[in-house]
Amino acid sequence: MSTILCNIVSAESEIFSGQVEMVVATGTLGELGITPGHSQLLTGIKAGPVKVILEGGEEKVFFLSGGFIEVQPDAVTLLSDVAERAEDIDEAEAERARELAERARDNASSDVDFSKAKAELAEVAARLQTLRKMRKK
Amino acid sequence: MANTKEIRKQISSISNTQKITSAMEMVASSKMRKTQDRMEMGRPYADRMLSVIGHLANSNPEYKPLYMTERETKNIGIIVVSSDKGLCGGLNINLFRSLVGFLKEQADQGIGQQFCSVGTKAKVFFNSYGGNVVAAAEKLGDVPALEDLIGSIKILLEKFEAGEIDKVYLASNKFENTMTQQPEIKQLLPLLAEDTPELKHRWDYIYEPDAKELLDGLMQRYIESLVYQAVIENIACEQAAKMIAMKNATENAGTLIDELQLIYNNARQAAITQELSEIVGGAAAL
């Protein structure tokens, strides 16, 4: 069976690269099975497992938290997000960055308040982290 | 005799310091290599994305995305990437110096400025410099996660979309090699579309759901990955600068010890000679 080059990359690392017989992923508009000779396609992918079938039938499964898939005549590229991108989580992250900036500005002179603010921030961050983990499960 | 004892104490304290600096040098050099690898790992993602964006922009000339539209500049946003820790030579200072020059230039043209500080040193800098810091991220560690940056970037992107800022710049250190790190201020938004004819392929993609939506999503991620790359590169710079700074410190400690050792030997010899001449003098008196 013929094969096609498949690359799975994220902003932080290269996850997979190699010749495959088929790539199975969940696109924003439904399940996709990509074999060599697929027409050129660009679409988003939903968070979930992506299965690649290597030469000889061996299967490999990667869990991606969303991103994009690009199909070219000679290669399939999956651009993976590093984290699940729910709108509210993004918003919470933005809120956190804003807060950090404000606190830094308010506490420029007093170190005591700053350490307290930092402790609070750590707690908020931990809560956010847990929330994210729970969502992933 | 008290003199020799004092010198000996000084020598031992300096050699302790030397041990610390040489250990820090080794740690920095191993970390630097790892960060350089990490820099390489993220590159295919950004390259791939840029080529897809280029392709999309070229095959959809009728759609001009907001992120690519130039407009009159009244306000700018600047993401300043610094290190979290010190002891890395003039790395941060050089960056801030070129930043201050750039800001003055902009201020002379009457352009408003908003900042996003990444890293503890940038935060401290803005505490003394002033300026409107709208977002901050710090304590990213040696292996920063993109997630920690998304929030800060989002604030600037939102402001850009709302028209509160018209340009976004990124100020960070560029890793030339181990010996040189160059401060660099480059434009992030609007994206400078390169009209390379090679990108105009004969074929086009099938888009699901449609090109515009995909293009916007891709561009947001592309910008995030650019900032992430800059943060990683800055860490590589930090480690390289730290390595050099610690190497110099170790060498300086070495010369200091050599000098002190010489003085110590002189003092010891003088004491022995004095003692001898006293004994000889005493014997002669008998």
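In strand β5 of chain A, the bridge partner of Val24(A) is Lys51(A). The model is a predicted one, in which local features require pLDDT of at least 70 and side-chain atom pairs count only at pLDDT 80 or more, whereas totals for chains, interfaces and linings use all residues. Residues are numbered from 1 along each chain as its sequence is written, and chains are lettered from A and ligands numbered from 1 in the order in which they are written. Helices (H or I, at least four residues) and strands (E, at least two) are DSSP runs, numbered from the N terminus; two strands are said to pair if DSSP finds at least two bridges between them.

The pair Val24(A) and Lys51(A) belongs to the antiparallel pairing of β2(A) with β5(A) (residues 48-54), which extends over four bridges. Strand β2 of chain A (residues 14-27) also pairs with β1(A) (residues 4-10), in the antiparallel sense and over six bridges. Within that pairing, Ile8(A) stands opposite Phe16(A), and the two strands form a hairpin with three residues between them. A further antiparallel partner of β2(A) is β3(A) (residues 30-34), to which five bridges connect it. Here Val23(A) faces Ile34(A), and a hairpin of two residues joins the strands. In general, strands of a sheet pair through backbone hydrogen bonds, either parallel or antiparallel.

Chain B comprises five helices and six strands, arranged from the N terminus as α-β-α-β-α-β-α-β-β-β-α. Its radius of gyration (taken over C-alpha atoms) is 28 Å, well over the 19 Å given for 286 residues by the globule rule, so chain B is more spread out than a compact globule. The rule itself is 2.2 Å times the number of residues to the power 0.38. Along the principal axes, the C-alpha atoms of chain B fill a box of roughly 115 × 40 × 30 Å. Of the 286 residues, 36% are buried; a residue is buried if 20 or more other C-beta atoms, placed from the backbone, lie within 10 Å of its own, exposed if 12 or fewer do, and partly exposed in between. Contacts are defined by C-beta atoms, placed from the backbone, that lie within 7 Å. Among the contacts of chain B between residues at least 6 apart in sequence, 78% join residues at least 24 apart.

An open sheet of five strands in chain B has the order β3-β2-β1-β4-β5, with mixed pairing. Strands β3 (132-137) and β5 (181-189) of chain B are the edges, each pairing on one side only. Neighbouring strands of this sheet are turned by 20 degrees against each other on average, direction ignored. Strand β4(B) (residues 167-175) runs antiparallel to β5(B) and is joined to it by eight bridges, with Ala171(B) bridged to Ile185(B).

Two helices of chain B lie across strands of this chain. For these, axes are lines fitted to C-alpha atoms, over the stretch in contact in the case of helices, and angles run from 0 to 180 degrees between N-to-C directions. Helix α3(B) (residues 120-129) lies across β1 (75-81), β2 (112-118) and β3 of chain B, at about 145 degrees to β2(B). The buried residues of α3(B) include Phe125(B) and Phe126(B). Just after this helix, Gly130(B) takes a positive phi of about 90 degrees. Helix α5(B) (residues 211-285) lies across β1, β2, β4 and β5 of chain B, running at about 30 degrees to β4(B).

The contact between the chains takes 33 residues from chain B and 32 residues from chain A. On the side of chain B that touches chain A, two or more residues each come from α1 (2-59), α3, β3, α4 (147-162), β6 (206-208) and α5 of chain B. Helix α1(B) gives the most, with seven residues. By class, this side of chain B divides into 21 nonpolar, six polar and six charged residues, where Ala, Val, Leu, Ile, Met, Phe, Trp, Tyr, Cys and Pro count as nonpolar, Asp, Glu, Lys and Arg as charged, and the others, Gly among them, as polar.

Strand pairing also crosses between the chains: β4(A) (residues 41-45) and β6(B) run parallel and are joined by three bridges. The bridge partner of Leu41(A) in β6(B) is Ile206(B). Leu41(A) counts as partly exposed because it has 17 C-beta neighbours inside 10 Å. Leaving aside neighbours within four places in sequence, Leu41(A) is in contact with Val71(A), Tyr205(B) and Ile206(B).
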